[in-house]
Amino acid sequence: MTRGMTVIVQTIARLVAGMVFLYGGYIILHGHLTPGGGFAGGAIIAAAFILVSLAFGSVENVEQHRYTFSSVFESLGGLGFIILGLAGYFTGHAFLTNIWAGLGEPLELVSAGIIPFANIAIGIKVGAGLFAIFLALGASRFVMKE
Amino acid sequence: MLTQYLPLFVVVPLAGAFLIPLLGRAWRYLADIVGNLVGAFLVAFSIYGLVTLAQGGQPVVYSLGSWGPRLGIVLVYDSLSALIVLIANLVGLPALLFSTRYLDRYTGRWKYYTLFMLLLAGLNGVALAGDIFNLFVFLEIAAVSSYALVAFGTGEEELEAGFKYMVMGEIAGMMVLVSIALLYARTSTLNMAEMSRALQAAGQTPFVWFVLGTMLVGFATKMALMPFHSWLPDAHLSAPAPVSAVLSGVFVKVLGIYAMSRIVFNVFGLTRATAPTFFNLLVGLGLFSLIVASLLAINQNNYKRLLAYSTISQIGYIILGFGIGSYWAIVGALFHILGHSVTKGLLFLASRSIERETGSREIGAISGLEKTMPVTSWSYIAGALSLAGIPPFAGFFSKLFIIVGAVAAKMYWLAIIAALFSVVTMGYMLKVINNVLFARKDREPTKAREAPFPILAALVILVVLALAFGIGFRPVLDSIIEPAARVLTGGLEYARMVLGG
Amino acid sequence: MLPFAACFLLFLLGLYAVVLKRNLIKMVIGFSLMQYSVNLLLAFVGFRHDAVAPIITRVGMTDNFVDPLPQALVLTAIVIGLATTALMLAFVMRIYEKYKTFDITEIRRLKG
């Protein structure tokens, strides 16, 4: 028996997954200019991962290390956000102060200080977190063993 | 220093929550170490903050991201927040200490600590939040992590209790969110200080009562007031003991009582003189909880369930104190929050320690533990005496002030009922002490060993605290409780403190 | 007034599902309905006539914007709702593993 879904789903997933991933990255990186941001983009990135693992792997047999990996990345994303917040301290301002920049230039990608970086941290956290939730719900048997 | 580092109350436990999954996988005892270090830091920092305020320091209004109170998110650290933060962390540290040995029979140590850290972050955040939506967000962080912690054992009972708790808690959370949305629609601000000014300008309209009603339902569920209480006994029975201690000692008080009293007194600016109906409603609800839950507690044969019902009745005391609304009654209610959190934390940890050694939760099944587990037993007795209001423990003074407040407000019958049910409290605690801790003549003492060191340390810390708050009630009253009570009775002074001018 | 009434209706529908349905999954769906109704309420709160979405798409734009704050609140509420729904589904799955049923009347072991 082959793993995963039918060849139709697999073909479409192969075509689409990369684009979904890129779109999520776009949403995260342009979070300070257009609608969206870390959460929305992270959710889209997680969707790309979920699509791949649904199409190509059977959910019951997901390896333990994938769950560990996404859970670790979730923690790293959260820590990254806190460190960005603390950056305000190191420059003598309040917590979460937007250092390096004022309000940002409209339609200018490199602007708005730490906000793009905060979006990236949140994107990593949300993407990894949602994928971990998916794995945990889809394959709770191995999560229980840990 | 406090003015600069105030967010650390929330940031440090959050950072702990993200660090523990990374470190705890590498070596599982790192989770213990990081968790307890965070707990110790929070206790030290909250004591430092309290001392700063008591020595005449000004309340701190901290603007996140330097945006200022009108535009950005503010954290407010006044005497009331200081008291609540202190309570949360004073119970949190012994609970963490207890967890180090408690978790021996569970797997997934780092998951437990991660959730616990999130719970602490949420509790501290609720106490510090200066705008109403962040209060809700922190409330949900604390609530969601507590649902998961209640079901941590993942047995059948635990899952069911957790699910039931979650259903009730989430309906309550949604009620709170609805009332926040309505308040925003009316006042166009989320900052609690600005909101109180806008509401004051609008006056007491039916709209205000509707919002207050939805909010009261939400917070009453969170604090397990009597008609909305049914999640609490099951949750306490199933939760790991340190979680029970935090849930009963801190969680219901911060999420329910603190949030509600802050909103009623400081945002709506209600007093007994301006809104007698609402305060009579609080008195009614408080009395109902006090009487019915006390009577239910007497009937319980499970000593943890007995404690859970006792929590509901003590919440009744506190709400009664707020409902009476006179200055001394509010002082008593706040003192009872402090005294009861330490006491009930102690009782839950001690009874878990008993259950751990004897393997039974039934009152009839165990006896004579005083011989075999002296430290645990005498800690339990100290907690029971404090709960029943025997001097010199903290519980005596808190109940005394509630009664004094009732007398001062010329509600003599309330004073009588409050005193009477203090005796009932003694009654059901004596039931446990007589049967479980002391041996009846015809029965062999149950075989047990004394609990290991970290558990005893946690118990002794809490006994010392309960005694210290009782014997040193005068300085505690002067430097902690009365400033906090003045924040509440000051009502709309809060807006002036946050916004200035 | 009509949008608010619709929100209220949706909220009641969700509450009905949570309180009266016997299937755990349907209870979770009821919760989602309640969350959506509150989110909808928040979105209505920020509505203004003849206003556009509060996104600056060209330099120096000063149109009549709708209130962006409730939208931020909705976003936060959605995140919280996601967490609670996921946790609740996890509970339901674990309960199903223990009891092999979603019927709440066969599960209730604890009492009042």
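Modeller: The UniProt annotation "transmembrane region", from an unreviewed entry, covers residues 72-92 of chain C. Keep in mind that this is a predicted model.

Colleague: What is the helix and strand content over residues 72-92 of chain C?
Modeller: That stretch is 100% helix and 0% strand, with its end C-alpha atoms 30 Å apart.

Colleague: And how many helices and strands does chain C have?
Modeller: Three helices and zero strands, so the pattern along the sequence reads α-α-α.

Colleague: How much of chain C is buried?
Modeller: Of its 112 residues, 28% count as buried.

Colleague: How many residues does each chain put into the contact between C and B?
Modeller: Chain C gives 25 residues and chain B gives 28. On the chain C side, α2 (24-45) and α3 (68-99) each supply at least two residues. The largest share of that side, 13 residues, comes from α3(C).

Colleague: What classes of residue are on the side of chain C that touches chain B?
Modeller: There are 18 nonpolar, four polar and three charged residues.

Colleague: Switching to chain B. How far does helix α18 reach?
Modeller: Helix α18 of chain B, residues 412-437, spans 37 Å from its first C-alpha to its last, close to the 38 Å expected.

Colleague: Which residues of α18(B) are buried?
Modeller: Among them are B:Leu414, B:Ala418, B:Phe421, B:Thr425, B:Tyr428 and B:Val432.

Colleague: What covers the buried residues of α18(B)?
Modeller: The cover includes several helices of chain B, among them α12 (276-299), α14 (327-358) and α17 (394-408).

Technical notes. Residues are numbered from 1 along each chain as its sequence is written. Chains are lettered from A and ligands numbered from 1 in the order in which they are written. This is a predicted model: local features need pLDDT of at least 70, side-chain atom pairs count only at pLDDT 80 or more; totals for chains, interfaces and linings use all residues. Helices (H or I, at least four residues) and strands (E, at least two) are DSSP runs, numbered from the N terminus. A residue is buried if 20 or more other C-beta atoms lie within 10 Å of its own, exposed if 12 or fewer, and partly exposed in between; C-beta atoms are placed from the backbone. The expected span of a helix is 1.5 Å times one less than its number of residues. Two residues are in contact if their C-beta atoms, placed from the backbone, lie within 7 Å. UniProt positions are given in the numbering used here, feature names are shortened, and annotations may be inferred rather than shown by experiment. Ala, Val, Leu, Ile, Met, Phe, Trp, Tyr, Cys and Pro count as nonpolar, Asp, Glu, Lys and Arg as charged, and the others, Gly among them, as polar.
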